[in-house]
Amino acid sequence: MALTPGNSLTVTNGATVVTFVAAPAASTQRIIRTLTVYNGDTAAVVVSLSVYNGTTDYVFVKQTLAVGESLVFDSTLILDSTTDLIRAVRHPRNLGKGAA
């Protein structure tokens with residue numbers, strides 16, 4: 001199997017779902033070793049990371065980040081389907097409503 005290293009920089013934009021890692025082409029695997037999310041906003045946010053298979057989001061991390069904090073997911077993920085991709089959504093933290 002040939003290995004082609006690379007990286008991807010992505011910016012979230014509010015509560016809109018953003019693709020961090022695109023689905024691989026047919027007969028290709030994509031290996032993700034580390035995902036890092038930094039909160040450069042002026043308020044705490046909740047970040048959800050998920051694998052999306054074209055139909056369903058499978059959330060594997062959901063974390064509140066204070067201003068200036070980072071989330072580092074340092075575990076290997078393998079995408080081996082043309083429909084699997086990694087997505088993220090940043091939820092503005094609503095402290096008055098008890099959001100996680």
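I took a strand to be a DSSP run of at least two residues, numbered from the N terminus. The model I examined is predicted.

**Overall fold.** I looked up the secondary structure first. The protein chain holds eight strands and zero helices, so that under the definition above the elements read β-β-β-β-β-β-β-β from the N terminus on. I then checked the contacts with a separation of 6 or more and noted that 68% of them join residues 24 or more positions apart.

**Surface and burial.** Of the 100 residues, 30% are buried.

**Nonpolar core.** I listed 16 residues in the largest nonpolar core; Phe-20, Leu-35, Val-37 and Leu-49 touch the most other members. At least two residues of this core come from each of β1 (18-21), β3 (35-38), β4 (45-52), β5 (57-65), β6 (70-73) and β7 (77-79). The strand that gives the most is β4, with four residues. I also traced Val-37: beyond its neighbours within four places in sequence, its contacts include Phe-20, Val-47, Leu-49, Leu-65 and Leu-71.

**Strand β4.** I asked which residues lie on each side of β4. Val-45, Val-47, Leu-49 and Val-51 are on one side, Val-46, Ser-48, Ser-50 and Tyr-52 are on the other, and all are buried. In a regular strand, side chains alternate between the two faces of the sheet.

**The β4-β5 hairpin.** I found that β4 pairs with β5 in the antiparallel sense over eight bridges, and that Val-51 stands opposite Tyr-58 in β5. Four residues lie between the two strands of this hairpin, and Gly-54 in the turn has a positive phi of about 100°.

How values were computed: Residues numbered from 1 in each chain as written. Predicted model: local features only at pLDDT ≥ 70, side-chain atom pairs only at ≥ 80, totals over all residues. Heavy atoms only, no water. Buried < 20%, exposed > 50% of the residue type's maximum accessible area, 1.4 Å probe, protein only. Contact = heavy atoms within 4.5 Å. Core = buried A, V, L, I, M, F, W, Y, C linked by side-chain atoms within 4.5 Å. Pairing = 2+ DSSP bridges.
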